[in-house]
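Thanks for coming. I will take you through one structure, a few spots at a time, and you can follow along on the screen.

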Amino acid sequence: MRKNFGAKPWTYPQPVFIIGSYDENGIADAMNAAWCGISNANQIAMCLSAGHKTVKNILIKKDFTVSMATVKYVTECDYLGIASANDVPDKLEKCGLHTVKAENVDAPLIEELPMAVECRLVSYDEGTGLMLGEIINVSADESILTEGKIDPDKLNPITFDSVNNTYVKLGEVVGNAFQDGKRFR
């Protein structure tokens, strides 16, 4: 028997994205967002309300980064979702995170978060909060690579459990995509 919960924004997993941007003066900002995902082979989609300083920055600069939050920096990443740069302009510094300019877009990379997607703004609908970004580049620190590929165990990304308001560490490999199902052909 199933239990019905009604219309809720619950899916598993929900990646925890840390969205980085520069304001008009080149000051770095970042926010935590979990209502995001890949919407096309070269696009990322995010649901972000217009009041966020990060959204205002992206609308000005047209570029942003999306870093994967990790187990090692879960507390800092959570803080980036609790504190608003509208009220705490130095929130990155306050939680001990450091930035460098991304190589391919005019937006900051967070040095402590070893994987990021560099994006250019495609569109933003203020009414729905839907922001689309074109993926320009994916960068990863060599420390999380195995045989030249990103290793999820080394990256150690977290997901947001919106049902229980917790962050969850990704687990073990349980299958092979585009392979295991072939047995039913």
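I will go through strand pairs, charged residues, aromatic rings and some backbone details.

Before that, the ground rules. This is a predicted model, where local features need pLDDT of at least 70 and side-chain atom pairs count only at pLDDT 80 or more, while totals for chains, interfaces and linings use all residues. Residues are numbered from 1 along each chain as its sequence is written, and side-chain values use heavy atoms, with hydrogens and water left out.

Let me start with the strands. Helices (H or I, at least four residues) and strands (E, at least two) are DSSP runs, numbered from the N terminus. Two strands pair if DSSP finds at least two bridges between them. Strand β9, residues 130-140, has two partners to look at here. With strand β8, residues 115-125, it pairs in the antiparallel sense over 10 bridges. With strand β4, residues 43-47, β9 also pairs in the antiparallel sense, over 5 bridges. Met131 in β9 shows both pairings: Tyr124 stands opposite Met131, and Met46 stands opposite Met131 as well. β8 and β9 form a hairpin with 4 residues between them, and Gly129 in that turn has a positive phi of about 80°.

Strand β12, residues 158-161, and strand β13, residues 166-169, run antiparallel and are joined by 4 bridges. Thr159 stands opposite Val168 in β13. Between β12 and β13 there are 4 residues, and Asn165 in the turn has a positive phi of about 50°.

Now the aromatic rings. Rings of Phe, Tyr and Trp (its six-membered ring) pair if their centres lie within 6.5 Å; planes under 30 degrees apart count as stacked, over 60 as edge-to-face, and the rest as tilted. The count by that rule is 2 aromatic pairs. One of them is Phe160 with Tyr167, a tilted pair at 6.2 Å centre to centre and 50° between the planes. Tyr167 is partly exposed, with a relative accessible area of 29%. On that scale, buried means under 20% relative accessible area, exposed over 50%, and partly exposed in between (1.4 Å probe, protein chains only).

Next, charge. How many salt bridges does a search of the whole structure find? It finds 2, where a salt bridge is a side-chain nitrogen of Lys or Arg within 4 Å of a carboxyl oxygen of Asp or Glu. In one, the side chains of Asp106 and Lys61 meet at 3.3 Å, N to O. Asp106 lies in the loop between β6 (99-101) and β7 (108-110) and Lys61 in helix α1 (residues 53-61), so the pair ties together parts that are 45 residues apart in sequence. Asp106 is partly exposed at 25% relative accessible area, and Lys61 is partly exposed at 25% too.

Asp63 forms a salt bridge with Arg120, with the closest N and O atoms 2.9 Å apart. This pair links distant parts of the chain, Asp63 in strand β5 (residues 63-68) and Arg120 in strand β8, 57 residues apart. Asp63 counts as buried, at 6% relative accessibility, whereas Arg120 is partly exposed at 33%.

Then there is Lys91, in helix α3, residues 91-94. Is Lys91 buried or exposed? Lys91 is buried, yet has no salt bridge; the nearest side chain of opposite charge, Asp29, is 4.0 Å away. For charge, Lys and Arg count as positive and Asp and Glu as negative; His and the chain ends are not counted. The side chain of Lys91 does reach the backbone oxygen of Ala83, at 2.7 Å. Leaving out residues up to four places away in sequence, Lys91 touches several residues, including Asp29, Met31, Tyr79 and Ala83; contact means heavy atoms within 4.5 Å.

Last, the backbone. Most residues other than glycine have a negative phi, and most peptide bonds are trans. Here a cis peptide bond joins Tyr12 and Pro13, with omega about -15°. Pro13 is found in the segment before β1 (17-22). Glu147 is not a glycine, but has a positive phi of about 50°. Glu147 sits in the loop between β10 (145-146) and β11 (149-150) and is exposed at 79% relative accessibility. Phe178, also not a glycine, has a positive phi of about 65°. Phe178 lies in the segment after β13 and is exposed, at 78%.

That is the end of the tour.

Key:
A polar contact is a pair of N or O atoms within 3.5 Å; within protein, one must be able to donate a hydrogen and the other to accept it, and residues adjacent in sequence count only if both atoms are side-chain atoms.
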